[in-house]
Amino acid sequence: MIDVTVRSIRVPHSIDAPEIMDLEAVRQLRNAHAAHVHGSSAYDLTLPQVLAAWQDQSDRPVIGRLAERNGLILGTASVDHLPDAQSRTAGVMVRVHAEHRRQGIGTRLLREAETIAAELGRSVLQSWTEHRHSGGAGLRASTGFGSVPRDATAMFARRRGFRLEQVYRQSTLDLRSTALHTDALCVPARTHAGDDYRYLFWLSPTPAALAPALADLKSRMATDAPSGNVDVEDGEWDAERIARIEAHDAVGGVRRLIGAVRHEPSGVLVALNELNVSPADPTIAHQNDTLVRAEHRGRRLGTWVKCATLARLRELFPQVTHVETYNAEENRPMLVINEAIGFTPVSCAGEWQKRLS
């Protein structure tokens, strides 16, 4: 193990402060990994976005560490957690510059992160990894659905006691070749849903009248979406949290498109499909939360809300040629919808968990 100094990541009040170098290191490592996995800069974050996220400690406070040697930052670690004292989980992310790996830096940073989590009273560590597809047998998730390549990232997590609990499939849709197809799927799905349901659409920021209903629907992601053996803790969703997320989007010039289906007799939002378009690559739209409330499934609401929102995307952002999305491999109902629309697999991601003794 090479000799490094581990210290706290500083979060300045302004992007012009000298301490911004710490968050710039976080940003560069994160963007470099995303570019390696996806082969483009479509997933890049800007420094103002990173600063805004670290300054806002409202929903998931984050504590950071970095490893440096002779003034050169070699790696970073972060621990995010819910402010609820009853919470048991903490999210952990460790990244090391490619040319400085296999020197014990990642292990040192992970130990530091585990110490932070333990001091916070958290006993379950969770982490998210992204992987390029590769040949050969992979590591299978504990759910039995999907696998990730046995690359350096996966093997590091496994050697450090993390268990692969869930695998997500990243898929992409070519809007140029599927427009007529998705429009054709939308009509029968809308008819099958019946007259009790109405499609709604808006661009962020979310209107104040809709924010509480959207927050209530998003809170169902923690209970209605497949989670395998992951200990899911998502915190409270309310209109203020929606506003904070959309404010972070605005800092980076991100536009969020929100399609929802409302059950008219009850006035409740029962289906959701979110897309966002980032200046990092305006030809790609990123699909975020997609959900149908459990009690309203079987009415093709998922197909309807996805296809209708794709139509609005093509209308409002004609420069977008592709849409990318992630789905748990065991979430066959949503994968069936995506496959029918025309999404094809391109990479995968892993959700890992480690229980501290």
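How many aromatic pairs does the count come to?

## Aromatic pairs

The count comes to three aromatic pairs, where rings of Phe, Tyr and Trp (its six-membered ring) pair if their centres lie within 6.5 Å, and planes under 30 degrees apart count as stacked, over 60 as edge-to-face and the rest as tilted. This is a predicted model, in which local features need pLDDT of at least 70, side-chain atom pairs count only at pLDDT 80 or more, and totals for chains, interfaces and linings use all residues. Residues are numbered from 1 along each chain as its sequence is written, and side-chain values use heavy atoms, with hydrogens and water left out.

## Trp128 and Tyr326

Trp128 and Tyr326 form an edge-to-face pair, with 5.9 Å centre to centre and 70° between the planes. Trp128 belongs to strand S5 (residues 124-132) and Tyr326 to strand S13 (residues 322-328), so the pair ties together parts 198 residues apart in sequence. Strands (E, at least two residues) and helices (H or I, at least four) are DSSP runs, numbered from the N terminus. Trp128, Tyr168 and Tyr326 form one aromatic cluster.

## Tyr199, Trp304 and helix H9

Tyr199 and Trp304 form a tilted pair, at 6.5 Å centre to centre and 40° between the planes. Tyr199 lies in strand S9 (residues 197-203) and Trp304 in helix H9 (residues 301-316), so this pair ties together parts 105 residues apart in sequence.

Both Tyr199 and Trp304 are buried, a term for under 20% relative accessible area, with exposed over 50% and partly exposed in between (1.4 Å probe, protein chains only). Helix H9 is mostly covered, as 12 of its 16 residues are buried.
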